[in-house]
Amino acid sequence: MQDSLRELQRLLNTEIPITRHFHLTVGAYNERMLRLDAPLAENVNHAGTAFGGSLSALLTLAGWSMLWFMLQEYGLQGEIIIQDSTCRYLAPVTKDFSAYCYRPSNEQLGRFEKMLRTHRKGRLELMADIREGDIQAVSFAGRYVVRLF
């Protein structure tokens, strides 16, 4: 698993260069979620809290990264594109922060994999959030499209 985390970190840094400016790091991945981390210092706004654009970008990248892992598990390669998304900013983020993208249900994943294998493309909606302690600071829903190579 550590090799996959390092490979994703390398991929994000080289293929999506803005991630270097956020100082984004790939934190963890397991059967329930994926975590990306970023420091407040490099993502701060004029009010001393996390910049909304950084929060949105980290959440979008968490979904992208979750799909990258799923394609690895399926033994497939493809282009991952965000189709649309919604962020709700519920509370200020005042510390280093992490975006958590949650793995969809097995039923949703089964339909998604079937679409990919049958039509060479598929859509999947992912949910993610950023928490400050026990409080959900930002919620995210994003629909992604994958086109296989």
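## Close-up views

**View A. R120 is partly exposed, at a relative accessible area of 44%.** The model shown in this and the other views is predicted. R120 belongs to the loop that lies between α4 and β5, and its position is just after α4. Its phi is positive, near 65 degrees, in a residue other than glycine.

**View B. Helix α4 spans residues 106-119.** The helix has 14 residues, and the distance from its first C-alpha to its last is 20 Å. This is close to the 20 Å expected at 1.5 Å a residue. Three residues of α4, namely L109, F112 and L116, are buried. They lie on the same side of α4, because the arc they cover around the axis is only 65 degrees. The opposite face, turned away from the buried side, carries E107, K114, T118 and H119, which are exposed.

**View C. Several elements cover the buried residues of α4.** The covering elements include helix α3, residues 52-74. Strands β5 (121-132) and β6 (135-148) are also among them. The residues that are covered in this way are L109, F112 and L116.

**View D. S139 is a residue of strand β6.** With a relative accessibility of 14%, S139 counts as buried, because the cut-off for buried is under 20%.

**View E. H23 has a positive phi of about 60 degrees although it is not a glycine.** The residue is found in the loop between α2 (18-22) and β1 (25-29). H23 is partly exposed, and its relative accessible area is 43%.

**View F. Strands β1 and β2 form a hairpin.** Three residues lie between the two strands. The pairing of β1 and β2 is antiparallel and runs over four bridges. Within it, Y29 stands opposite L34 of β2.

**View G. Strand β2, residues 33-38, is mostly covered.** Of the six residues in β2, five are buried. Besides its pairing with β1, β2 is joined to β4 (residues 97-102) by six bridges. β2 and β4 run antiparallel. The bridge partner of D37 in β4 is S98.

Methods
Residues are numbered from 1 along each chain as its sequence is written. This is a predicted model: local features need pLDDT of at least 70, side-chain atom pairs count only at pLDDT 80 or more; totals for chains, interfaces and linings use all residues. Side-chain values use heavy atoms; hydrogens and water are left out. The expected span of a helix is 1.5 Å times one less than its number of residues. Buried means under 20% relative accessible area, exposed over 50%, partly exposed in between (1.4 Å probe, protein chains only). The arc is that of the directions from the helix axis to the C-beta atoms. Contact means heavy atoms within 4.5 Å. Two strands pair if DSSP finds at least two bridges between them.
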